[in-house]
Amino acid sequence: MTSKSAAERPPRIDIRQVRWARIGIPLFVTYFICFMDRTNISVASPHLADELQLSAATMGLVFSAFFWGYVVSGLPAGAWAGKGHAKTIIVACMVVIGLSAAVTGVVHNLPILLAARIVLGLAEGAIFPAFAVMFISWFPSRERGIAVALTMYTVPLSSAVMAPLSGWLIEVTNWRAMFIIQAVPAILVAIWLHFSATEKPEDHPRISVEERDYILATRTVETTDESTLLQVFMRPVVWLLALIYFFWVMGIYALTLWLPTVIGDLTGQGSFLVGLLTAIPFLVGTLALYVVTKRAVASGRSLGSFIALPLVLCGTAMIVQHFMHLGAVFSFAMLVVAAGSIFAALALWWTWVMQIVPRNQAGASVGFVNLCGNFGGLVGPLLIGLVATTGNTASGFWIIGVGVILAAVIVAILDARRTKAGGEAEDSEQRTATDPEHAPHPH
(Lines give C-alpha, C1' and ligand atoms only; values in the text may rest on other atoms or scores of the structure.)
Protein backbone atom coordinates (compact mmCIF):
# COMPACT_ATOMS: atom_id res chain seq x y z
CA MET A 1 0.00 0.00 0.00
CA THR A 2 1.39 3.38 -0.95
CA SER A 3 1.39 6.24 1.52
CA LYS A 4 -0.86 9.22 0.97
CA SER A 5 0.60 12.23 -0.74
CA ALA A 6 1.01 15.43 1.26
CA ALA A 7 -2.02 16.92 -0.47
CA GLU A 8 -4.21 13.94 0.53
CA ARG A 9 -3.16 13.72 4.18
CA PRO A 10 -5.45 15.37 6.73
CA PRO A 11 -4.01 18.73 7.82
CA ARG A 12 -2.21 18.94 11.15
CA ILE A 13 -1.45 21.64 13.68
CA ASP A 14 2.16 22.78 13.33
CA ILE A 15 3.04 25.07 16.24
CA ARG A 16 6.06 26.37 14.30
CA GLN A 17 3.73 28.11 11.86
CA VAL A 18 2.59 31.62 12.72
CA ARG A 19 -1.05 30.88 11.89
CA TRP A 20 -1.14 28.28 14.67
CA ALA A 21 1.25 29.76 17.25
CA ARG A 22 0.02 33.36 16.96
CA ILE A 23 -3.62 32.88 15.90
CA GLY A 24 -4.96 29.33 16.41
CA ILE A 25 -3.68 28.72 19.95
CA PRO A 26 -4.54 32.22 21.27
CA LEU A 27 -8.08 31.93 19.83
CA PHE A 28 -8.46 28.53 21.51
CA VAL A 29 -7.46 29.99 24.88
CA THR A 30 -9.68 33.03 24.31
CA TYR A 31 -12.79 30.93 23.68
CA PHE A 32 -11.91 28.61 26.57
CA ILE A 33 -11.95 31.58 28.96
CA CYS A 34 -15.17 32.89 27.38
CA PHE A 35 -17.01 29.67 28.09
CA MET A 36 -15.68 29.40 31.63
CA ASP A 37 -16.95 32.88 32.46
CA ARG A 38 -20.21 32.14 30.64
CA THR A 39 -21.06 28.90 32.44
CA ASN A 40 -19.43 29.05 35.88
CA ILE A 41 -22.70 30.48 37.19
CA SER A 42 -24.19 26.98 36.78
CA VAL A 43 -22.06 25.62 39.65
CA ALA A 44 -22.62 28.70 41.81
CA SER A 45 -26.39 28.79 41.15
CA PRO A 46 -27.56 26.87 44.27
CA HIS A 47 -25.53 29.20 46.54
CA LEU A 48 -26.44 32.32 44.57
CA ALA A 49 -30.14 31.40 44.55
CA ASP A 50 -30.11 30.71 48.29
CA GLU A 51 -28.38 33.99 49.21
CA LEU A 52 -30.46 36.18 46.87
CA GLN A 53 -33.69 34.23 47.50
CA LEU A 54 -34.26 33.23 43.85
CA SER A 55 -36.66 30.50 42.69
CA ALA A 56 -35.92 27.94 39.94
CA ALA A 57 -37.97 30.00 37.47
CA THR A 58 -36.02 33.14 38.41
CA MET A 59 -32.71 31.29 38.00
CA GLY A 60 -33.90 30.26 34.56
CA LEU A 61 -34.43 33.96 33.88
CA VAL A 62 -30.88 34.71 35.13
CA PHE A 63 -29.41 31.99 32.91
CA SER A 64 -31.28 33.29 29.87
CA ALA A 65 -30.35 36.95 30.55
CA PHE A 66 -26.89 36.28 29.14
CA PHE A 67 -28.52 35.64 25.76
CA TRP A 68 -30.54 38.84 25.83
CA GLY A 69 -27.23 40.56 25.17
CA TYR A 70 -25.70 37.75 23.15
CA VAL A 71 -28.31 37.79 20.40
CA VAL A 72 -28.07 41.57 19.96
CA SER A 73 -24.33 41.98 19.32
CA GLY A 74 -23.53 39.12 16.94
CA LEU A 75 -24.80 40.55 13.65
CA PRO A 76 -23.36 44.09 13.92
CA ALA A 77 -20.09 42.67 15.25
CA GLY A 78 -19.89 40.28 12.30
CA ALA A 79 -20.47 43.09 9.82
CA TRP A 80 -17.86 45.30 11.49
CA ALA A 81 -15.37 42.43 11.74
CA GLY A 82 -15.72 41.88 7.99
CA LYS A 83 -14.49 45.44 7.44
CA GLY A 84 -11.13 44.73 9.06
CA HIS A 85 -11.84 45.04 12.78
CA ALA A 86 -11.99 41.40 13.94
CA LYS A 87 -8.96 41.54 16.23
CA THR A 88 -10.06 44.84 17.79
CA ILE A 89 -13.49 43.38 18.55
CA ILE A 90 -12.04 40.27 20.22
CA VAL A 91 -9.55 42.17 22.39
CA ALA A 92 -12.08 44.80 23.53
CA CYS A 93 -14.73 42.20 24.26
CA MET A 94 -12.38 40.10 26.39
CA VAL A 95 -11.76 43.14 28.62
CA VAL A 96 -15.52 43.66 29.00
CA ILE A 97 -16.02 39.94 29.69
CA GLY A 98 -13.49 40.03 32.53
CA LEU A 99 -15.05 43.11 34.11
CA SER A 100 -18.67 41.93 33.85
CA ALA A 101 -17.77 38.46 35.16
CA ALA A 102 -16.10 40.08 38.18
CA VAL A 103 -19.18 42.25 38.82
CA THR A 104 -21.25 39.05 39.12
CA GLY A 105 -19.22 38.24 42.21
CA VAL A 106 -20.25 41.41 44.04
CA VAL A 107 -23.97 41.65 43.21
CA HIS A 108 -26.55 41.83 46.03
CA ASN A 109 -29.82 42.03 44.09
CA LEU A 110 -31.51 40.58 41.03
CA PRO A 111 -31.47 43.71 38.77
CA ILE A 112 -27.68 44.13 39.03
CA LEU A 113 -27.18 40.39 38.49
CA LEU A 114 -29.32 40.51 35.33
CA ALA A 115 -27.45 43.60 34.10
CA ALA A 116 -24.06 41.92 34.60
CA ARG A 117 -25.21 38.84 32.68
CA ILE A 118 -26.62 40.96 29.83
CA VAL A 119 -23.35 42.90 29.46
CA LEU A 120 -21.40 39.63 29.53
CA GLY A 121 -23.67 38.36 26.76
CA LEU A 122 -23.19 41.50 24.67
CA ALA A 123 -19.42 41.04 24.79
CA GLU A 124 -19.43 37.31 24.11
CA GLY A 125 -21.97 37.59 21.29
CA ALA A 126 -19.47 39.62 19.29
CA ILE A 127 -16.61 37.13 19.71
CA PHE A 128 -17.45 34.23 17.39
CA PRO A 129 -18.44 36.26 14.27
CA ALA A 130 -15.06 37.98 14.61
CA PHE A 131 -13.46 34.53 14.98
CA ALA A 132 -15.08 33.47 11.68
CA VAL A 133 -13.41 36.37 9.87
CA MET A 134 -10.05 35.47 11.45
CA PHE A 135 -10.45 31.81 10.42
CA ILE A 136 -11.14 32.71 6.80
CA SER A 137 -8.39 35.33 6.69
CA TRP A 138 -5.68 33.23 8.32
CA PHE A 139 -6.32 29.57 7.46
CA PRO A 140 -6.25 27.64 4.16
CA SER A 141 -9.59 26.00 3.39
CA ARG A 142 -8.37 22.47 4.09
CA GLU A 143 -7.03 23.54 7.52
CA ARG A 144 -10.03 25.64 8.50
CA GLY A 145 -11.98 22.69 9.85
CA ILE A 146 -9.11 21.84 12.20
CA ALA A 147 -8.86 25.48 13.32
CA VAL A 148 -12.60 25.62 14.02
CA ALA A 149 -12.44 22.22 15.75
CA LEU A 150 -9.63 23.42 17.99
CA THR A 151 -11.79 26.37 19.07
CA MET A 152 -14.91 24.23 19.49
CA TYR A 153 -13.07 21.87 21.84
CA THR A 154 -13.32 24.67 24.37
CA VAL A 155 -17.11 24.34 24.60
CA PRO A 156 -17.22 20.95 26.40
CA LEU A 157 -13.63 21.11 27.69
CA SER A 158 -14.08 24.43 29.48
CA SER A 159 -17.15 23.03 31.26
CA ALA A 160 -15.23 19.89 32.21
CA VAL A 161 -12.49 22.04 33.77
CA MET A 162 -14.79 24.75 35.10
CA ALA A 163 -17.19 22.49 37.01
CA PRO A 164 -14.73 20.88 39.46
CA LEU A 165 -12.54 24.00 39.63
CA SER A 166 -15.49 26.25 40.42
CA GLY A 167 -16.85 23.75 42.93
CA TRP A 168 -13.47 23.59 44.66
CA LEU A 169 -13.10 27.41 44.72
CA ILE A 170 -16.58 27.76 46.21
CA GLU A 171 -15.76 25.29 48.97
CA VAL A 172 -12.38 26.81 49.87
CA THR A 173 -13.51 30.45 49.48
CA ASN A 174 -17.10 31.30 48.47
CA TRP A 175 -19.15 31.76 45.32
CA ARG A 176 -18.36 35.48 45.11
CA ALA A 177 -14.58 34.94 45.19
CA MET A 178 -14.95 32.24 42.54
CA PHE A 179 -16.43 34.71 40.04
CA ILE A 180 -13.75 37.33 40.72
CA ILE A 181 -10.83 34.87 40.48
CA GLN A 182 -12.09 33.38 37.22
CA ALA A 183 -12.56 36.87 35.70
CA VAL A 184 -8.83 37.69 35.78
CA PRO A 185 -7.72 35.37 32.89
CA ALA A 186 -10.01 37.20 30.43
CA ILE A 187 -8.05 40.43 30.92
CA LEU A 188 -4.72 38.61 30.58
CA VAL A 189 -5.86 36.89 27.37
CA ALA A 190 -6.91 40.25 25.89
CA ILE A 191 -3.37 41.56 26.45
CA TRP A 192 -1.83 38.40 24.96
CA LEU A 193 -4.00 38.51 21.84
CA HIS A 194 -3.33 42.23 21.36
CA PHE A 195 0.41 41.58 21.06
CA SER A 196 0.21 38.14 19.39
CA ALA A 197 -2.22 38.58 16.49
CA THR A 198 -2.77 40.77 13.46
CA GLU A 199 -5.92 41.17 11.40
CA LYS A 200 -4.38 39.66 8.26
CA PRO A 201 -1.44 37.34 7.60
CA GLU A 202 0.17 39.83 5.25
CA ASP A 203 0.49 42.29 8.19
CA HIS A 204 2.17 39.95 10.70
CA PRO A 205 5.87 40.79 11.29
CA ARG A 206 6.87 37.20 12.11
CA ILE A 207 5.29 35.35 9.20
CA SER A 208 7.53 33.94 6.49
CA VAL A 209 7.00 34.77 2.83
CA GLU A 210 6.29 31.09 2.09
CA GLU A 211 3.59 30.77 4.76
CA ARG A 212 2.00 34.08 3.81
CA ASP A 213 1.83 33.17 0.11
CA TYR A 214 0.47 29.70 0.90
CA ILE A 215 -2.37 31.16 3.00
CA LEU A 216 -3.26 33.80 0.42
CA ALA A 217 -3.30 31.22 -2.41
CA THR A 218 -5.44 28.60 -0.65
CA ARG A 219 -7.80 30.30 1.79
CA THR A 220 -10.70 30.79 -0.68
CA VAL A 221 -10.87 27.17 -1.89
CA GLU A 222 -14.16 25.39 -1.03
CA THR A 223 -15.98 28.62 -0.17
CA THR A 224 -18.99 29.84 -2.11
CA ASP A 225 -19.09 32.74 -4.55
CA GLU A 226 -19.23 36.26 -3.25
CA SER A 227 -22.56 38.01 -2.87
CA THR A 228 -24.15 41.00 -1.12
CA LEU A 229 -25.41 40.93 2.46
CA LEU A 230 -29.00 41.34 1.25
CA GLN A 231 -28.59 38.27 -0.96
CA VAL A 232 -27.36 36.32 2.07
CA PHE A 233 -30.56 37.08 3.98
CA MET A 234 -32.69 36.20 0.95
CA ARG A 235 -31.29 32.65 0.89
CA PRO A 236 -33.70 30.16 2.54
CA VAL A 237 -30.75 27.96 3.45
CA VAL A 238 -29.36 30.66 5.77
CA TRP A 239 -32.67 30.75 7.66
CA LEU A 240 -32.71 26.96 7.87
CA LEU A 241 -29.18 27.02 9.28
CA ALA A 242 -30.39 29.51 11.88
CA LEU A 243 -33.34 27.25 12.80
CA ILE A 244 -31.07 24.21 13.17
CA TYR A 245 -28.76 26.13 15.45
CA PHE A 246 -31.70 27.45 17.49
CA PHE A 247 -32.77 23.95 18.52
CA TRP A 248 -29.16 22.83 18.95
CA VAL A 249 -28.27 25.72 21.27
CA MET A 250 -31.44 25.12 23.28
CA GLY A 251 -30.00 21.71 24.10
CA ILE A 252 -26.44 22.90 24.70
CA TYR A 253 -27.36 25.50 27.28
CA ALA A 254 -30.20 23.59 28.90
CA LEU A 255 -27.58 20.93 29.66
CA THR A 256 -24.62 23.22 30.38
CA LEU A 257 -26.41 25.57 32.76
CA TRP A 258 -28.77 23.17 34.52
CA LEU A 259 -26.63 20.00 34.68
CA PRO A 260 -24.96 20.78 38.07
CA THR A 261 -28.38 21.41 39.62
CA VAL A 262 -29.80 18.23 38.08
CA ILE A 263 -26.85 16.17 39.32
CA GLY A 264 -27.27 17.77 42.75
CA ASP A 265 -30.92 16.62 42.72
CA LEU A 266 -29.84 13.09 41.79
CA THR A 267 -27.00 12.75 44.32
CA GLY A 268 -27.63 15.25 47.13
CA GLN A 269 -23.87 15.93 47.30
CA GLY A 270 -21.86 19.14 47.87
CA SER A 271 -20.41 21.56 45.31
CA PHE A 272 -17.05 19.86 44.78
CA LEU A 273 -18.41 16.33 44.19
CA VAL A 274 -21.24 17.68 42.03
CA GLY A 275 -18.59 19.57 40.06
CA LEU A 276 -16.56 16.40 39.55
CA LEU A 277 -19.62 14.46 38.36
CA THR A 278 -20.63 17.36 36.11
CA ALA A 279 -17.22 17.18 34.44
CA ILE A 280 -17.83 13.62 33.20
CA PRO A 281 -20.46 14.41 30.50
CA PHE A 282 -18.32 17.28 29.20
CA LEU A 283 -15.18 15.13 29.08
CA VAL A 284 -17.19 12.61 27.06
CA GLY A 285 -18.30 15.49 24.83
CA THR A 286 -14.69 16.56 24.30
CA LEU A 287 -13.69 13.02 23.31
CA ALA A 288 -16.71 12.70 21.00
CA LEU A 289 -15.85 16.02 19.37
CA TYR A 290 -12.33 14.76 18.65
CA VAL A 291 -13.43 11.38 17.30
CA VAL A 292 -16.27 12.66 15.10
CA THR A 293 -14.19 15.52 13.67
CA LYS A 294 -11.28 13.20 12.90
CA ARG A 295 -13.50 10.60 11.22
CA ALA A 296 -15.32 13.25 9.18
CA VAL A 297 -12.07 14.85 7.95
CA ALA A 298 -10.57 11.47 7.08
CA SER A 299 -13.70 10.22 5.31
CA GLY A 300 -13.87 12.94 2.67
CA ARG A 301 -17.67 12.63 2.76
CA SER A 302 -20.19 15.41 3.23
CA LEU A 303 -20.27 16.72 6.79
CA GLY A 304 -24.07 16.62 7.11
CA SER A 305 -24.34 12.95 8.12
CA PHE A 306 -21.68 13.45 10.78
CA ILE A 307 -23.74 16.32 12.18
CA ALA A 308 -27.21 14.75 12.08
CA LEU A 309 -26.44 11.42 13.78
CA PRO A 310 -25.06 12.81 17.07
CA LEU A 311 -28.02 15.20 17.30
CA VAL A 312 -30.46 12.28 16.97
CA LEU A 313 -28.57 10.42 19.70
CA CYS A 314 -28.66 13.46 21.99
CA GLY A 315 -32.38 14.10 21.54
CA THR A 316 -33.21 10.43 22.06
CA ALA A 317 -31.20 10.28 25.31
CA MET A 318 -33.03 13.36 26.64
CA ILE A 319 -36.42 11.83 25.88
CA VAL A 320 -35.50 8.40 27.28
CA GLN A 321 -34.14 9.99 30.46
CA HIS A 322 -37.54 11.54 31.11
CA PHE A 323 -39.85 8.65 30.27
CA MET A 324 -37.83 5.69 31.61
CA HIS A 325 -37.44 5.73 35.39
CA LEU A 326 -34.65 3.25 36.14
CA GLY A 327 -32.86 5.04 38.94
CA ALA A 328 -30.27 7.77 39.43
CA VAL A 329 -27.43 5.86 37.73
CA PHE A 330 -29.49 5.34 34.56
CA SER A 331 -30.60 8.98 34.52
CA PHE A 332 -26.99 10.12 34.91
CA ALA A 333 -25.90 7.77 32.10
CA MET A 334 -28.51 9.28 29.76
CA LEU A 335 -27.30 12.77 30.67
CA VAL A 336 -23.74 11.68 29.83
CA VAL A 337 -24.93 10.39 26.43
CA ALA A 338 -26.94 13.57 25.77
CA ALA A 339 -24.16 15.98 26.74
CA GLY A 340 -21.49 13.89 25.02
CA SER A 341 -23.32 13.68 21.71
CA ILE A 342 -24.60 17.27 21.58
CA PHE A 343 -21.00 18.55 21.37
CA ALA A 344 -19.73 15.87 18.99
CA ALA A 345 -20.38 17.71 15.71
CA LEU A 346 -19.95 21.29 16.85
CA ALA A 347 -16.69 21.88 14.94
CA LEU A 348 -18.12 20.28 11.79
CA TRP A 349 -21.17 22.51 12.06
CA TRP A 350 -19.30 25.79 11.69
CA THR A 351 -17.05 24.33 8.99
CA TRP A 352 -20.20 23.28 7.10
CA VAL A 353 -21.80 26.71 7.56
CA MET A 354 -18.69 28.48 6.29
CA GLN A 355 -18.73 26.26 3.20
CA ILE A 356 -22.32 27.27 2.47
CA VAL A 357 -22.33 31.02 3.11
CA PRO A 358 -20.58 33.52 0.78
CA ARG A 359 -16.98 34.11 1.84
CA ASN A 360 -17.14 37.90 1.62
CA GLN A 361 -20.12 37.86 4.02
CA ALA A 362 -18.82 35.13 6.33
CA GLY A 363 -18.70 37.37 9.38
CA ALA A 364 -22.22 38.73 8.92
CA SER A 365 -23.65 35.32 7.90
CA VAL A 366 -22.12 33.51 10.86
CA GLY A 367 -23.23 36.39 13.08
CA PHE A 368 -26.79 36.04 11.77
CA VAL A 369 -26.89 32.25 12.24
CA ASN A 370 -25.31 32.70 15.66
CA LEU A 371 -27.82 35.43 16.56
CA CYS A 372 -30.90 33.44 15.57
CA GLY A 373 -29.49 30.21 16.95
CA ASN A 374 -28.64 31.70 20.30
CA PHE A 375 -32.23 32.65 20.89
CA GLY A 376 -32.25 28.96 21.78
CA GLY A 377 -29.86 29.79 24.61
CA LEU A 378 -32.41 32.31 25.83
CA VAL A 379 -35.34 29.89 25.51
CA GLY A 380 -33.77 26.59 26.64
CA PRO A 381 -32.59 27.45 30.18
CA LEU A 382 -35.71 29.56 30.81
CA LEU A 383 -37.98 26.70 29.67
CA ILE A 384 -36.26 24.22 31.98
CA GLY A 385 -36.66 26.60 34.93
CA LEU A 386 -40.34 27.22 34.18
CA VAL A 387 -41.36 23.56 33.89
CA ALA A 388 -39.06 22.18 36.62
CA THR A 389 -40.81 20.25 39.34
CA THR A 390 -39.61 20.06 42.94
CA GLY A 391 -36.69 17.62 43.20
CA ASN A 392 -36.68 16.97 39.43
CA THR A 393 -35.11 19.91 37.62
CA ALA A 394 -34.64 17.75 34.48
CA SER A 395 -38.39 17.24 34.01
CA GLY A 396 -38.44 19.49 30.92
CA PHE A 397 -35.45 17.99 29.11
CA TRP A 398 -37.66 15.81 26.91
CA ILE A 399 -39.09 18.94 25.25
CA ILE A 400 -35.56 20.07 24.40
CA GLY A 401 -34.85 16.57 23.05
CA VAL A 402 -37.68 16.81 20.54
CA GLY A 403 -36.25 20.10 19.24
CA VAL A 404 -32.75 18.63 18.89
CA ILE A 405 -34.11 15.71 16.84
CA LEU A 406 -35.98 18.18 14.60
CA ALA A 407 -32.67 19.99 14.03
CA ALA A 408 -31.11 16.68 12.96
CA VAL A 409 -33.90 16.06 10.46
CA ILE A 410 -33.39 19.50 8.85
CA VAL A 411 -29.63 18.89 8.65
CA ALA A 412 -30.21 15.56 6.91
CA ILE A 413 -32.60 17.10 4.37
CA LEU A 414 -30.26 20.02 3.61
CA ASP A 415 -27.27 17.73 3.29
CA ALA A 416 -29.10 15.35 0.95
CA ARG A 417 -30.14 18.22 -1.32
CA ARG A 418 -26.67 19.74 -1.27
CA THR A 419 -25.02 16.41 -2.04
CA LYS A 420 -27.47 15.76 -4.87
CA ALA A 421 -26.89 19.24 -6.34
CA GLY A 422 -23.14 18.70 -6.14
CA GLY A 423 -23.41 15.34 -7.88
CA GLU A 424 -25.58 16.76 -10.66
CA ALA A 425 -23.12 19.62 -11.21
CA GLU A 426 -20.23 17.15 -11.42
CA ASP A 427 -22.14 14.97 -13.91
CA SER A 428 -22.93 18.04 -16.02
CA GLU A 429 -19.26 19.03 -16.12
CA GLN A 430 -18.27 15.51 -17.17
CA ARG A 431 -20.89 15.46 -19.96
CA THR A 432 -19.71 18.86 -21.18
CA ALA A 433 -16.12 17.67 -21.26
CA THR A 434 -16.90 14.42 -23.14
CA ASP A 435 -19.87 15.35 -25.36
CA PRO A 436 -19.22 17.94 -28.11
CA GLU A 437 -22.95 18.70 -28.32
CA HIS A 438 -22.88 20.00 -24.76
CA ALA A 439 -19.66 21.99 -25.12
CA PRO A 440 -19.93 25.78 -25.00
CA HIS A 441 -19.81 27.47 -28.42
CA PRO A 442 -17.92 30.70 -29.08
CA HIS A 443 -20.06 33.78 -29.74
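This is a predicted model: local features need pLDDT of at least 70, side-chain atom pairs count only at pLDDT 80 or more; totals for chains, interfaces and linings use all residues.
Let me begin with confidence, where the protein averages a pLDDT of 82, and 85% of the residues score at least 70.

Now to the charged side chains, and in general, side chains of opposite charge can pair when their charged atoms come close. The count here comes to five salt bridges, and I will take three of them in turn.

In one of them, R19 pairs with E211, and the closest N and O atoms are 3.1 Å apart. This pair links distant parts of the chain, since R19 sits in helix α1 (residues 18-39) and E211 in helix α9 (residues 209-218), 192 residues apart. R19 counts as buried because its relative accessibility is 2%, under the 20% cut-off, and E211, with a relative accessible area of 9%, is buried as well.

Another salt bridge joins the side chains of E124 and R38, at 2.6 Å from N to O. Here too distant parts of the chain are linked, with E124 in helix α4 (residues 110-125) and R38 in helix α1, 86 residues apart. Both E124 and R38 are buried.

The next pair is D213 with R212, whose closest N and O atoms are 3.2 Å apart. D213 is partly exposed, with a relative accessible area of 38%, and R212 is partly exposed at 27%.

Where does Q182 lie? Its place is in helix α8 (residues 175-196), and it counts as buried because its relative accessibility is 6%. The side chains of Q182 and N40 are joined by a polar contact of 2.9 Å. Setting aside neighbours within four places in sequence, Q182 is in contact with M36, D37, N40, M162, L165, S166 and L169.

Finally, the cysteines: how many disulfides does a search of the whole structure find? The search finds zero. C34 is in no disulfide, and the nearest cysteine sulfur, which belongs to C93, lies 8.4 Å away. C34 counts as buried, at 0% relative accessibility, and C314 is also buried, with a relative accessible area of 0%.

Notes: Residues are numbered from 1 along each chain as its sequence is written. Side-chain values use heavy atoms; hydrogens and water are left out. Helices (H or I, at least four residues) and strands (E, at least two) are DSSP runs, numbered from the N terminus. Buried means under 20% relative accessible area, exposed over 50%, partly exposed in between (1.4 Å probe, protein chains only). A polar contact is a pair of N or O atoms within 3.5 Å; within protein, one must be able to donate a hydrogen and the other to accept it, and residues adjacent in sequence count only if both atoms are side-chain atoms. Contact means heavy atoms within 4.5 Å. A disulfide is a pair of cysteine sulfur atoms within 2.5 Å. pLDDT is the predictor's confidence in each residue, from 0 to 100. A salt bridge is a side-chain nitrogen of Lys or Arg within 4 Å of a carboxyl oxygen of Asp or Glu.
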